[in-house]
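Trainee: Please show me the model, and then we can go through it by question and answer.

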Amino acid sequence: MKSKPAANAASDKRMFYNNEECPIRNVVAQIGDKWSVLVLFALVDGADRFNSLKSRVVGISQRMLTQTLRDLEREGYVSRTVYPEVPVKVEYELTDLGREIVKPLYQLVSWADTHHNEIRQARKAYDERVQ
């Protein structure tokens with residue numbers, strides 16, 4: 001992993017750099033935002049149109065869905081196809097890379113589902129302690 005350089009003289013702890021060479025900041029941070037994982041999982045079922053995605057990713061604004069789809073397309077996870085029809089038809093779907101990234105993300109989502117109650121209890125206990 002590129003984010004773990006030679007041991008620091010002061011510590012053997014991993015260093016994380018804020019640059020293009022750090023896979024965590026450069027790759028993982030992009031899909032770790034509020035909406036990307038939800039949009040990726042919405043596309044697991046197959047190609048879909050913008051308004052359908054917007055209705056299935058509850059709470060996302062039109063502006064944020066547009067930006068998220070552009071970002072995911074830029075990263076190579078989503079493809080956008082424009083069909084020359086009247087009215088114009090646009091569909092989004094996962095690329096091979098997108099289908100590949102969804103697999104490990106599914107493990108994270110499953111873990112989150114399994115531990116959701118524990119996390120909520122921990123948050124509640126923390127909030128009660130610090131108030």
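Predicted model: local features only at pLDDT ≥ 70, side-chain atom pairs only at ≥ 80, totals over all residues.

Trainee: In which helix is Thr68 found, and is Thr68 buried or exposed?

Mentor: Helices (H or I, at least four residues) and strands (E, at least two) are DSSP runs, numbered from the N terminus; Thr68 is found in α4. Buried means under 20% relative accessible area, exposed over 50%, and partly exposed in between (1.4 Å probe, protein chains only). Thr68 has a relative accessible area of 2%, so the residue is buried.

Trainee: Which residues does Thr68 touch, not counting residues up to four places away in sequence?

Mentor: Contact means heavy atoms within 4.5 Å. With that exclusion in sequence, Thr68 touches Trp35, Ser36, Val39 and Ile60.

Trainee: Why do the buried residues of α4 line one face of the helix?

Mentor: The buried residues in α4 are Leu65, Thr68, Leu69 and Leu72. Seen down the helix axis, they fall within an arc of 100°, so they line one face; the arc is that of the directions from the helix axis to the C-beta atoms. An α-helix has 3.6 residues a turn, so residues three or four places apart point the same way. On the other side of α4, the exposed residues are Arg63, Arg70 and Arg74.

Trainee: In what order do the three strands form the open sheet?

Mentor: Two strands pair if DSSP finds at least two bridges between them. The pairing in this sheet is antiparallel, and the order is β1-β3-β2. The edge strands, each pairing on one side only, are β1 (48-49) and β2.

Trainee: Over how many bridges do β2 and β3 pair?

Mentor: A hairpin joins β2 to β3 through five residues. Ser79 stands opposite Glu93 in β3, and the bridge partner of Arg80 is Tyr92. The two strands pair in the antiparallel sense over six bridges.

Trainee: Where is Pro87, and what is the omega of the peptide bond from Val86 to Pro87?

Mentor: Pro87 lies in the loop between β2 and β3. Most residues other than glycine have a negative phi, and most peptide bonds are trans. The bond from Val86 to Pro87 is cis, with omega near -5°.

Trainee: How far apart in space are Glu91 and Asp48, C-alpha to C-alpha?

Mentor: Glu91 is found in strand β3 and is buried, with a relative accessible area of 17%. A polar contact of 3.4 Å joins its side chain to that of Tyr83. Glu91 and Asp48 are 43 residues apart in sequence, and their C-alpha atoms are 5.3 Å apart in space.

How values were computed. Residues numbered from 1 in each chain as written. Heavy atoms only, no water. Polar contact = N/O pair within 3.5 Å; in protein donor to acceptor, adjacent residues only side chain to side chain.
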